[in-house]
Amino acid sequence: MDMIDPFGRTISYLRVSVTDRCDFRCTYCMAEDMAFLPKKDLLSLEELDRLCTVFIEKGVRRLRLTGGEPLVRKNIMHLVRQLSRHLESGALEELTLTTNGSQLSRFAAELADCGVRRINVSLDTLDADKFHKITRWGHLDKVMQGIDAAQAAGLKVKLNAVALKDFNDAELPEMMRWAHGRGMDLTVIETMPMGEIDADRTDQYLPLSLLRASLEGQFTLTDIPFKTGGPARYVQVAETGGRLGFITPMTHNFCESCNRVRLTCTGTLYMCLGQEDAADLRAPLRASEGNELVAEAIDEAIGRKPKGHDFIIDRRTSRPSVSRHMSVTGG
């Protein structure tokens with residue numbers, strides 16, 4: 001039942017955006033005055049569970065809940081608990097989520113109880129003032145409390161930091177030392193041209209090739225084959241004993257090994273983060289009590305999965321490569 005795309009890649013990883021809403025307004029992700037989807041357009045939690053189950057039956061082994069901020073979705077733990085049955089049956093190898101950490105202190109213990117073993121926390125700076133500036137609405141102390149709660153609950157935490165020129169580039173070595181000192185991996189990510197924001201991404205964009213070259217002036221970085229199922233390429237840092245990941249959609253894309261598709265909270269399936277082509281799964285889902293129509297729609301969509309994306313950030317390209325914001329598709 002494995003899903004194989006036109007380029008021979010097995011699709012085994014589903015990322016599900018359970019909401020486009022977020023309690024932060026990160027400057028590289030969205031405008032401050034965002035217009036979010038009306039609640040009537042969202043799939044119910046039961047519909048999300050049903051769609052995820054069809055994907056699992058078709059060969060998905062890793063499932064990640066994203067947003068927006070997934071933990072602001074009302075009754076989200078009901079969905080997590082429902083999906084955990086696939087962990088218990090062995091059909092799903094991993095259920096995890098990406099979060100900004102703001103709600104973790106409330107939910108960490110329950111996430112662990114549902115079989116979640118690791119989570120990604122987005123964190124771009126350890127400076128409280130800079131954190132509030134980049135997130136507009138966020139408070140660093142709440143995120144730190146969330147990380148503490150997650151580790152206390154036994155969750156393995158990986159930090160994700162978007163590398164931003166003249167904002168956190170000088171701080172990233174210290175962030176790495178701090179993360180590794182607490183047993184957390186750190187992954188740095190290039191900013192991506194998705195959605196209109198209140199800034200010029202050319203001013204934010206930091207190629208990770210430059211960051212790596214800078215880090216190698218201070219640290220011994222050794223490439224390792226470690227994988228978590230996502231697109232990060234990892235190095236071992238001799239001086240800290242920890243791992244550092246690089247996600248490089250701009251300078252060195254990871255399309256040749258892409259095993260992922262993304263489902264939005266409205267039931268739209270994006271076969272590629274960096275392309276506009278999509279498939280509507282909500283209509284076939286609601287057209288029948290059975291799952292045959294949905295399964296057929298998924299097969300047709302996987303058959304259109306492109307070879308890769310075409311992200312561009314430069315002074316000549318003023319518009320984003322894709323019009324939708326990352327919070328719609330799921331980070």
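Where does Cys-258 lie? Cys-258 sits in the loop between β11 and β12, and the legends below start from there. The model is predicted: local features need pLDDT of at least 70, side-chain atom pairs count only at pLDDT 80 or more, and totals for chains, interfaces and linings use all residues. Residues are numbered from 1 along each chain as its sequence is written, and side-chain values use heavy atoms, with hydrogens and water left out.

**View 1. The annotated cysteines.** An unreviewed UniProt entry carries a "binding site" annotation on Cys-255, Cys-258 and Cys-272; such annotations may be inferred rather than shown by experiment, feature names are shortened, and positions follow the numbering used here. These residues are spread over 18 residues of sequence, yet they cluster in space, with a largest C-alpha distance of 9.1 Å.

View 2. Cys-255 is placed between β11 (243–247) and β12 (260–263); strands are DSSP runs (E, at least two residues), numbered from the N terminus. Cys-255 counts as buried because its relative accessible area is 9%, and Cys-258 is buried too, at 12%. Buried means under 20% relative accessible area, exposed over 50%, and partly exposed in between (1.4 Å probe, protein chains only). Leaving out residues up to four places away in sequence, Cys-258 touches Arg-9, Ile-11 and Lys-305, where contact means heavy atoms within 4.5 Å.

**View 3. Asp-2 and its surroundings.** Look for Asp-2 in the segment before β1 (3–4). Asp-2 is exposed because its relative accessibility is 51%. Beyond residues up to four places away in sequence, Asp-2 touches Thr-10, Lys-58 and Gly-59. The C-alpha atoms of Asp-2 and Ser-12 are 7.7 Å apart, with the two residues 10 residues apart along the chain.

Note on methods. Helices (H or I, at least four residues) and strands (E, at least two) are DSSP runs, numbered from the N terminus.
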